[in-house]
Structure formats: structure tokens, C-alpha cells
Amino acid sequence: MGTAVDAANKVVNESLPSEKKVTVIFVLGGPGSGKGTQCANIVENYGYTHLSAGDLLRAEIKSGSENGTMIQNMIKEGKIVPSEVTIKLLERAIQENGNDKFLIDGFPRNEENRAAFESVTGIVPEFVLFFDCPEEEMERRLLNRNQGRDDDNIETIRKRFNVYMESSLPVIEYYNAKGKVRKINAAKPVEEVFEDVKAVFIPLHEKVVYSFGRIL
Ligand SMILES: Nc1ncnc2c1ncn2[C@@H]1O[C@H](COP(=O)(O)OP(=O)(O)OP(=O)(O)O)[C@@H](O)[C@H]1O
Ligand SMILES: Nc1ccn([C@@H]2O[C@H](COP(=O)(O)O)[C@@H](O)[C@H]2O)c(=O)n1
Ligand SMILES: [Mg+2]
């Protein structure tokens, strides 16, 4: 027979949402390489939910959260926000969403992001979609983006490029050593880049039709 504490714990546990089993693809690449643009195409064609870490952080600033000023200052400086803040936002977005397939765009950005996400959530990405683009092209795109972002000015862009080279590329190398990176040449027109993206996704979503033991 259980104690009153056991009974209380049972009530608490039963009211918590059960662990959600999800498929996660990390979408990485330099600032302006086209991650957000291609994620929109993938969502439309393959039914994933797009979670951009940068968008979640910008929404957190707008919500008037207690972390808002700190996040705003870090983004203006092109710095990486502490992992606990970003991971909480990602976890919440995953839990609140009915889908079970997610593109996580712009995360992990450094080793701290990577290790903390894995230990806190236990989620291991299916693979990493890496948009590879030369810096001059990324700079041109960012300076022409015109979405009113505080960090799309040449001073912050240079800082973001430095952080990318020093902190984000090593994360891509980490996954590459595990055979998990799908590298895409992002220095082509949007439609051509998406053709290469499709080549990665089509085999994952192909319906295999069997007839009398043979694959048709
Ligand atoms: N293949 C492409 N060719 C030319 N322009 C592109 C291409 N892909 C995206 N763009 C444009 O470049 C700009 C940056 O693209 P996008 O916002 O998708 O990049 P991002 O990788 O998400 O950048 P960030 O890391 O800063 O969020 C946008 O104005 C977008 O329309
Ligand atoms: N994992 C992350 C992702 C982003 N940031 C901050 O947001 C800025 C904008 O990110 P985008 O992906 O939208 O370009 C980025 O420069 C960082 O300041 C972060 O801290 N951690
Ligand atoms: Mg983006």
C-alpha cells in the first residue's frame, strides 16, 4: 500500500505531459546563407515545423520578458545567448506544437549549445543540414535583407562572421566526424539550392510500395 506522498506524486506525474518523441534536424550555416529561406521550402513540401532559434529569441525580446534586454544586447553584439535561455524556448516550442518533426534553424551555435541541448532534452539530431556559402555572398545578402533586423549592419555582421568561424563551424565539424552532415552548396539561386535540398529529403519521405514481396 502506498503512502500519501506516493499518492500525491502519482497525481503530479499523471498531470505532466508525457515525454514527446520527436525527429529533429539541425539547420546550420553562416549568417545569411539562406537557412530561413530553405526551411520555408522544406516546411511547405515535407511537413516539418520550422523553429528558428534567432526568431524565438527576438520574440522573447518583444514579449517583454525579464531576459529581453540581455538578449537584445547580445544579438546587437552578435554574441551567443546562454544556452539555458535558448533551450528553454526551443523545448517549450516543441512541447506546445502538435507536430513531431522539427527543423531547428541556427542552433546549436557553439559547443555549449550542443552539449547542453543533448543533456537537457536527450534529443539527438537525425542529421545536420549545412548551408555552405562564401562570406562575400552572405554579406551581400544580409545587407540587402531589409527586414529591419538590429544585427543586419556591417559592424554586427562582421562580429557574427567571427563568431560563426570560431564557435559555430567547430559544431558542424563535430557532427561531420559522426557522418551526420548533409552539405549543400548555398551559393546558387534559391530554386537551385532547393533542388539539392530535395535530394536529401526525398529518400526520407519516399513511399515504398511492396507487391508480392517485391519493391515496385
Ligand atoms: N540562394 C539565395 N540566393 C540569393 N539570395 C538568397 C538566397 N537564399 C536566401 N537569400 C536571401 O538572403 C537573405 C538571407 O536569407 P535568410 O534569411 O534565409 O538567411 P539565414 O541563413 O536565415 O540568415 P540569418 O542567420 O541571418 O538568420 C534574405 O534576404 C533572402 O531572401
Ligand atoms: N543558438 C542561437 C541562435 C541565435 N542567437 C542569437 O540570435 C542572433 C540571430 O540569429 P539568426 O539565426 O536569426 O541569425 C545571433 O547572432 C545570436 O546573437 C543565439 O544567441 N543563439
Ligand atoms: Mg535566419
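This is a predicted model: local features need pLDDT of at least 70, side-chain atom pairs count only at pLDDT 80 or more; totals for chains, interfaces and linings use all residues.
Reader: How much of the chain is buried?

Author: Of the 216 residues in the chain, 40% are buried.

Reader: And what does the accessible surface come to?

Author: About 12,700 Å². Carbon and sulfur atoms account for 50% of that accessible surface.

Reader: Among contacts between residues at least 6 apart in sequence, how many join residues at least 24 apart?

Author: The share is 75%.

Reader: OK, helices now. At what angle do H5 and H6 cross?

Author: At roughly 50°, with axes that come within 10 Å. H5 covers residues 83-96 and H6 covers residues 111-121. An angle from 65 to 115 degrees would count as roughly perpendicular, and one under 35 as roughly parallel. H5 and H6 are therefore oblique to each other.

Reader: Is that crossing left-handed or right-handed?

Author: The crossing of H5 and H6 is right-handed.

Reader: Which residues make the contact?

Author: H5 contributes Ser83, Ile87, Leu90 and Glu91. From H6 come Glu112, Asn113, Ala116, Phe117, Val120 and Thr121.

Reader: How do those divide into nonpolar, polar and charged?

Author: In the contact of H5 with H6, five are nonpolar, three polar and two charged.

Reader: What about H3 and H5, how do their axes cross?

Author: H3, residues 53-62, crosses H5 at roughly 100°, and the axes come within 10 Å. The range for roughly perpendicular is 65 to 115 degrees, so H3 and H5 are roughly perpendicular to each other.

Reader: Which residues are in that contact?

Author: On H3 they are Ala53, Leu56, Leu57 and Glu60. On H5 they are Val85, Thr86, Leu89, Leu90 and Ala93. By class, the contact of H3 with H5 has seven nonpolar residues, one polar and one charged. Leu90 of H5 is in this contact, and Leu90 is also in the contact with H6.

Reader: Changing topic. Where does Val43 lie?

Author: Val43 is part of helix H2, residues 35-46.

Reader: Why is Val43 called partly exposed?

Author: Because its relative accessible area is 31%, and partly exposed runs between the 20% limit for buried and the 50% limit for exposed.

Reader: What is Val43 in contact with, leaving aside neighbours within four places in sequence?

Author: Tyr48, Thr49, His50 and Leu103.

Reader: How many residues apart are Val43 and Leu103?

Author: Val43 and Leu103 are 60 residues apart in sequence, while their C-alpha atoms are 8.5 Å apart in space.

Definitions and conventions:
Residues are numbered from 1 along each chain as its sequence is written. Chains are lettered from A and ligands numbered from 1 in the order in which they are written. Side-chain values use heavy atoms; hydrogens and water are left out. Axes are lines fitted to C-alpha atoms, for helices over the stretch in contact, and angles run from 0 to 180 degrees between N-to-C directions. Helices (H or I, at least four residues) and strands (E, at least two) are DSSP runs, numbered from the N terminus. Angles under 35 degrees count as roughly parallel, over 145 as roughly antiparallel, 65 to 115 as roughly perpendicular and the rest as oblique. A crossing is left-handed if the near helix is turned anticlockwise from the far one by less than a right angle, and right-handed if clockwise. Contact means heavy atoms within 4.5 Å. Ala, Val, Leu, Ile, Met, Phe, Trp, Tyr, Cys and Pro count as nonpolar, Asp, Glu, Lys and Arg as charged, and the others, Gly among them, as polar. Buried means under 20% relative accessible area, exposed over 50%, partly exposed in between (1.4 Å probe, protein chains only). Accessible areas come from the Shrake-Rupley method with a 1.4 Å probe; for residues, only the protein chains shown count as cover.
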